[in-house]
Amino acid sequence: MTDSPSDPAGSGGLNSDAVDGSAMTLVELTRELTAIPSHEDATAAGDFLEDWLRTETDATVTRDAVGNVVARRGDPDGGTLALVGHHDVVPPDESQLVKSGADGHETAEQDASGDGGSANGRGADEYVVTERDGRLYGRGTADMKGAVAAMALAFRDANVAADEDRANGRGQLVFASFVGEEIGGEGVRHAIDEGFAPDVAVVGEGSTNYSRSGVTDVAVAHKGRRASTITAHGEAAHASEPEAGTNAIYRASGAVDVVRELSATEVTIAGESLSGSVVVTEIDGGSAWNVVPDRCAITVDERTVPGERAPLDRVEAIEGVEWAVDQDLPPMACEDDEFADTVLDVARQVHEQRGESEPTHVTKPHATDAGWLADRAGTECVIVGPAEPGEAHTADESVSIDVLERCQAVYRDIASSWLTA
């Protein structure tokens with residue numbers, strides 16, 4: 001990574017007409033960042049984060065070739081704790097877009113938002129961001145610009161030792177917001193290839209209300225996802241003479257039987273059970289009602305667990321059948337019990353101070369960038385974030401402001417604990 005210059009005006013950086021960066025609250029920073037579209041191109045959101053970090057922190061800020069934003073504070077020769085998120089999002093619902101009419105005035109989509117939508121003054125082609133009943137609504141509020149904003153503020157506010165006092169500190173604090181998480185972790189994989197390898201990381205994906213309502217838990221493991229295709233080949237013939245050909249669908253049916261007989265994988269991590277699964281989700285074969293098919297393809301979705309994979313290659317024992325992996329998002333398991341326990345202790349202290357129930361270690365069903373960090377960089381990861389089950393990727397996506405504030409406190413205190421241990 002190399003230092004990159006501040007981006008030109010109007011490219012999505014800090015807006016002089018909006019709330020001053022130095023005065024931004026957590027809610028304001030979340031709104032500003034969320035309003036910037038990043039489902040097709042996350043450059044403008046990255047510009048905003050880069051400018052904010054350069055303005056608001058004393059960190060060394062870098063921007064790599066794919067658009068990842070990384071900032072570092074503290075002793076580069078010590079151990080490294082990273083606060084990790086991503087600023088790309090999935091495509092928004094039409095109701096989540098602000099559009100301008102031909103005369104440049106806002107259309108009804110924004111006027112109907114109740115509070116005027118985003119107040120950042122950038123004009124057309126924004127995401128609608130509204131606040132009601134203690135929640136922020138908009139594409140990316142839960143997944144995961146709210147967490148990114150909370151991490152950015154915690155990173156800024158962490159008490160990092162001055163140069164002359166570094167002998168008394170533990171090491172380096174890193175803030176990293178990646179691109180391409182929603183399309184297979186392209187950003188984090190690029191960063192790892194360029195040498196990004198923190199010792200430990202807190203990834204801000206959702207872990208709220210997993211063990212019970214009203215808590216933000218600490219996830220110590222999650223499933224991965226391996227998508228693959230089983231292709232059966234045969235020989236076409238006229239359906240009136242089926243014996244003249246070889247039916248690819250029949251061969252594919254045999255492969256389906258093999259998949260159905262596979263046992264689910266299961267592991268236990270930090271006392272939590274994590275179970276995998278494997279299931280056929282699509283089938284495509286045949287060209288006409290009167291032709292014996294010469295090809296049939298089957299899609300298989302496998303949810304993987306650390307250290308285990310279903311033996312799907314068994315289908316290749318069937319003549320004419322081949323198996324190919326299309327995507328393999330790695331699972332994650334934190335093997336550093338001390339780090340996992342330290343994060344949980346911090347989270348419990350924050351909950352106790354707020355008069356809330358006690359969180360615990362949990363596991364997640366979804367793959368995240370933590371899997372790539374654990375698998376390729378050797379980073380010990382836990383997941384702590386404000387998103388609740390079922391919030392992300394929906395037309396009414398939202399995040400609780402109270403939970404955002406809870407997570408900001410957890411991130412800040414984890415950083416302080418790491419830097420002063």
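## A buried ring to start with

F178 is buried, with a relative accessible area of 0%; buried means under 20%, exposed over 50% and partly exposed in between, using a 1.4 Å probe and protein chains only. F196 is buried too, at 2%.

A quick word on the model: it is predicted, so local features need pLDDT of at least 70 and side-chain atom pairs count only at pLDDT 80 or more, while totals for chains, interfaces and linings use all residues. Residues are numbered from 1 along each chain as its sequence is written, and side-chain values use heavy atoms, leaving out hydrogens and water.

## Aromatic pairs

Searching the whole structure turns up 2 aromatic pairs. Rings of Phe, Tyr and Trp (its six-membered ring) pair if their centres lie within 6.5 Å; planes under 30 degrees apart are stacked, over 60 edge-to-face, and the rest tilted. F155 and F175 have ring centres 6.1 Å apart and planes at 45°, so they make a tilted pair. Helices (H or I, at least four residues) and strands (E, at least two) are DSSP runs, numbered from the N terminus. Both F155 and F175 are buried.

F178 and F196 pair edge-to-face, 5.5 Å centre to centre with 90° between the planes. F178 sits in strand β8 and F196 in the loop between α5 (186-193) and β9 (200-203), so this pair ties together parts 18 residues apart in sequence.

## Charges over rings

A charge sits over a ring if NZ of Lys or CZ of Arg is within 6 Å of the ring centre and within 35 degrees of the ring normal. R73 has its charged end over the ring of F155, 5.8 Å from the centre. R132 does likewise with Y137, at 3.8 Å from the ring centre.
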